[in-house]
Amino acid sequence: MLSVQKVKEIYAICRRTLINWEKEGLITPLRTPKGRRRYKKEDIEKLLGMIEEKPKPTVVLYARVSTKKQEEYLKNQIRRLEEYAKSQGWQYEIISEIASGVNENRRGLLRLLNKIKRGEVAKVVIKYPDRLARFGFEYLKFFMESFGVELIVLNGRENEEDINRELAEDLIAIVTSFAARIYGQRGAKRHGNSSGEVSVR
């Protein structure tokens with residue numbers, strides 16, 4: 001704790017400035033039994049811009065669909081999530097994306113997880129569990145809870161027809177990606193052999 005004199009010596013701040021800050025509600029000193037002011041070093045340095053304040057953890061609304069054909073459904077998700085957040089009186093941020101639920105490298109999801117690791121998220125709100133992940137939902141939930149983040153799911157299960165349709169699209173995306181890799185590897189091998197390389201088995 002710093003006395004008025006110490007604050008002046010260390011930061012070149014006079015008593016009048018400290019009193020004005022106190023009147024404006026920018027700083028609240030503690031009092032000794034004799035009524036003398038004592039200031040926290042971090043409070044002074046925050047006012048001087050020497051310490052960068054971390055943003056308060058916020059609420060993140062996360063929405064996802066698999067394909068561009070589902071953009072209207074994405075808007076509906078966001079609208080429902082916003083209605084809920086507003087009904088709770090929360091300030092919030094929206095992270096939405098168009099990406100397969102089996103894709104582990106989704107930009108939106110990675111952004112959310114990084115924000116959680118930095119301590120910037122208090123709650124995550126989703127409409128359905130598989131909006132967060134098609135598989136591995138419980139692992140993501142455990143990850144969030146280990147950082148003190150509350151995961152709120154508004155609805156337990158989607159319409160069966162919608163689930164089957166999107167799951168089929170996700171599986172097609174997996175097969176397409178896998179096939180592209182296989183053909184790419186075969187093409188590379190053929191190219192290598194045509195350049196005079198010997199294939200060893």
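Alanine 12 counts as exposed, because its relative accessibility is 69%. In this predicted model, alanine 12 belongs to the loop that links α1 (4–11) with α2 (15–23), and its phi is positive, at about 60°, although the residue is not a glycine. Most residues other than glycine, by contrast, have a negative phi.

The sheet is open and consists of four strands in the order β4-β3-β5-β6, with parallel pairing. The edge positions are taken by β4 (92–98) and β6 (150–153), each of which has a single partner strand, so that one side of each remains without a neighbour in the sheet. On average, and with direction ignored, neighbouring strands of this sheet are turned by 20° against each other. Strand β3 (residues 58–65) runs parallel to β4 and is joined to it by seven bridges; within β4, tyrosine 92 is the residue that stands opposite valine 59.

Nonpolar side chains in soluble globular proteins tend to be buried together. Here the largest nonpolar core comprises 17 residues, and those with the most contacts inside it are Leu112, Ile116, Val124, Leu132 and Met144. At least two residues of this core come from each of β3, α5 (107–117), β5 and α7, with α5 giving the most, namely four residues. When residues up to four places away in sequence are not counted, leucine 132 touches Tyr62, Arg106, Leu109, Leu112, Ile126, Phe137, Leu140, Met144 and Leu151.

Two aromatic pairs are present in the structure. The pair of tyrosine 84 and tryptophan 90 is edge-to-face, because the ring planes stand at 75°, with the ring centres 5.7 Å apart. The pair formed by phenylalanine 143 and phenylalanine 147 is tilted, with 5.0 Å from centre to centre and 55° between the planes. Phenylalanine 143 is partly exposed, its relative accessible area being 24%, and phenylalanine 147 likewise counts as partly exposed, at 39% relative accessibility.

Note on methods
Residues numbered from 1 in each chain as written. Predicted model: local features only at pLDDT ≥ 70, side-chain atom pairs only at ≥ 80, totals over all residues. Heavy atoms only, no water. Phe/Tyr/Trp six-rings, centres within 6.5 Å; stacked < 30°, edge-to-face > 60°. Buried < 20%, exposed > 50% of the residue type's maximum accessible area, 1.4 Å probe, protein only. Pairing = 2+ DSSP bridges. Axes fitted to C-alpha atoms, helices over the stretch in contact; angles between N-to-C directions. Core = buried A, V, L, I, M, F, W, Y, C linked by side-chain atoms within 4.5 Å. Contact = heavy atoms within 4.5 Å.
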